[in-house]
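Subject: Structure handover

Hello,

Here is the structure for your files. My notes on it follow below.

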Amino acid sequence: MSNTSLEKIGCFNTILDPYNGITIESKDLPNSKEEFELNLDFLIEEVQYKRFLIWIYIDIKKSDFIPIATKFGFTFHSCNSDYILLVKVLKENAIVPNLA
C-alpha cells in the first residue's frame, strides 16, 4: 500500500488511500470496546463529508469490536485467518476496490 497521507483522528492513526478513503490498521485500535465505540463515532462525524470510505482491519484478538463497527454501518469486505477487513461507504457510488 502506498501511503499518501497520515492523519490522527480521535485515537486512530488513519492512512489516506487513492480512492479518497481512510484506513485504520488493527495495531492502531484502542484496547477497550468503549474507547473504540466513542472514537469510531467521532471519526465518522469528522470525515463523513470529506472522505468516500473508511476501512478498518480488526485482528481476531479484538473480534469483539466487529459488532460495534457493524452497528455503525460497516460491512465485511475480506478476511484472513487472523483478521477481518470492514468497510463503510460514506459517499454513494464510491469505488470499493475488490481483491485482485
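To start with the hairpin: β1 and β2 form one, with two residues between the strands. Gly10 sits in that turn and has a positive phi of about 60°. Please keep in mind that this is a predicted model. The pairing of β1 (residues 5-9) with β2 (residues 12-16) is antiparallel and runs over five bridges.

Next, the nonpolar cores. The largest has 22 residues, and those with the most contacts inside it are Phe36, Leu40, Leu43, Ile56, Ile58 and Phe74. At least two residues of this core come from each of β3 (21-24), α1 (33-47), β4 (53-59), α2 (66-71) and β6. With five residues, α1 supplies the largest share.

For Leu43, I set aside the neighbours within four places in sequence; the contacts of Leu43 are then Ile9, Phe12, Thr14, Ile22, Ile24 and Ile54.

Last, Asn93. Is Asn93 buried or exposed? Asn93 counts as exposed because its relative accessible area is 72%, and the cut-off for that class is over 50%. Asn93 and Phe52 are 41 residues apart along the chain, and their C-alpha atoms are separated by 9.0 Å.

Regards

Key
Residues are numbered from 1 along each chain as its sequence is written. This is a predicted model: local features need pLDDT of at least 70, side-chain atom pairs count only at pLDDT 80 or more; totals for chains, interfaces and linings use all residues. Side-chain values use heavy atoms; hydrogens and water are left out. Buried means under 20% relative accessible area, exposed over 50%, partly exposed in between (1.4 Å probe, protein chains only). A nonpolar core is a set of buried Ala, Val, Leu, Ile, Met, Phe, Trp, Tyr and Cys residues joined through side-chain atoms within 4.5 Å. Helices (H or I, at least four residues) and strands (E, at least two) are DSSP runs, numbered from the N terminus. Contact means heavy atoms within 4.5 Å. Two strands pair if DSSP finds at least two bridges between them.
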